[in-house]
Amino acid sequence: MASGMIHLTFSKLLEADIVLRDRSRFRLGHILPDMTEGKTARDKSHYMEKADGGASVVIRFDRFQNDYLNETCIDDLYLGYYLHLIQDAMFRRYIYQDKKIHREKEPNFVERLYNDYSLLNSYCKQKFHVDCDIEFPTNFRQEKINDISSFCVAKMTSKEDIDITHKGPATIFGETMLDEFLNRYLPVCAKEAEEVRKQSTALSPMDFKWDA
């Protein structure tokens, strides 16, 4: 999945392309699916399911749209959440299909990828002026979106929590790939946001499935 800072970079860049009612809620939606503890909760918050008899995994962002059709049209929290799911699906496509990177052939794939994310934090802050400047609603527990999962308020990242101290070259996903990923898929996100506002979609989850 894409990192929190990458999601916030998408959020910031999308703010220039789509009309928003509440940017704070839009940003919160962009990181909310990751504010869970444990794989089961994470899979649930990402609408992740097995497909093809268990051979593939898919993010069923269409189910989220069906569950929160009206909210996604009028509330930027839900739009941001939906776009997070889209971005994670696109990230899988970019890594596994576009770049043809095979997890099973890359030693310590997850650990190296997360180290690359840490390296990219500073890059996102400097190039795109991204901070984790999220406002958490005091009445969040009354939000309908809590029906999805028990989101962990304690996992809310502050500006001071963003690690920008990592050094060294990226080994899987670096600055050039991030720029390419953003250039390729940011327009897709912007178009999908327009479609969702019309209670429609231009994307199919099965087009973004990956091997289990």
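I begin with Asp52, which is partly exposed, at a relative accessible area of 43%. Bear in mind throughout that this is a predicted model. Asp52 sits in the loop that links strand S1, residues 48–51, to strand S2. Its phi is near 55°, a positive value, and it is not a glycine. For context, most residues other than glycine have a negative phi.

There is another residue of this kind. Gln199 is not a glycine either, and its phi is positive, about 60°. You will find Gln199 in the loop between helix H8 and strand S3, the latter being residues 210–211. Gln199 is partly exposed, with a relative accessible area of 42%.

Now the chain as a whole. How many helices and strands does the secondary structure come to? There are 8 helices and 3 strands. Along the sequence the order is α-α-α-β-β-α-α-α-α-α-β. The radius of gyration is 16 Å, close to the 17 Å that the globule rule gives for 212 residues, so the chain is as compact as a globular protein of that length.

Of the 212 residues, 53% count as buried. If you take contacts between residues at least 6 apart in sequence, 78% of them join residues at least 24 apart. The accessible surface of the chain is about 10300 Å², and carbon and sulfur atoms account for 48% of that.

Next, the interior. In soluble globular proteins, nonpolar side chains tend to be buried together. Here the largest nonpolar core has 65 residues, and those touching the most other members are Phe64, Ile145 and Phe173. Elements that each supply at least two residues of this core include helix H2 (23–31), helix H4 (61–67) and strand S2 (56–59). Helix H6 gives the largest share, 14 residues.

Phe173 is worth a look on the screen. Leaving out residues up to four places away in sequence, the residues it touches include Ile6, Phe91, Tyr94, Leu113, Tyr117 and Phe181. Asp116 is also on that list.

Ile6 takes us to helix H1, where it is one of the buried residues, along with Met5, His7, Leu8, Thr9, Phe10, Ser11 and Leu14. Why is H1 described as largely enclosed by the rest of the structure? Because 8 of its 11 residues are buried. Those buried residues pack against H2, H6, H7 and H8.

H1 also holds Lys12. Is Lys12 buried or partly exposed? With a relative accessible area of 34%, Lys12 is partly exposed, since the cut-off for buried is under 20%. Lys12 touches Phe128, His129 and Val130, residues up to four places away in sequence not being counted. Lys12 and Val130 are 118 residues apart along the chain, yet their C-alpha atoms are separated by 7.1 Å.

That is the tour. I will take questions now.

Notes: Residues are numbered from 1 along each chain as its sequence is written. This is a predicted model: local features need pLDDT of at least 70, side-chain atom pairs count only at pLDDT 80 or more; totals for chains, interfaces and linings use all residues. Side-chain values use heavy atoms; hydrogens and water are left out. Helices (H or I, at least four residues) and strands (E, at least two) are DSSP runs, numbered from the N terminus. The radius of gyration is taken over C-alpha atoms; the globule rule is 2.2 Å times the number of residues to the power 0.38. Buried means under 20% relative accessible area, exposed over 50%, partly exposed in between (1.4 Å probe, protein chains only). Contact means heavy atoms within 4.5 Å. Accessible areas come from the Shrake-Rupley method with a 1.4 Å probe; for residues, only the protein chains shown count as cover. A nonpolar core is a set of buried Ala, Val, Leu, Ile, Met, Phe, Trp, Tyr and Cys residues joined through side-chain atoms within 4.5 Å.
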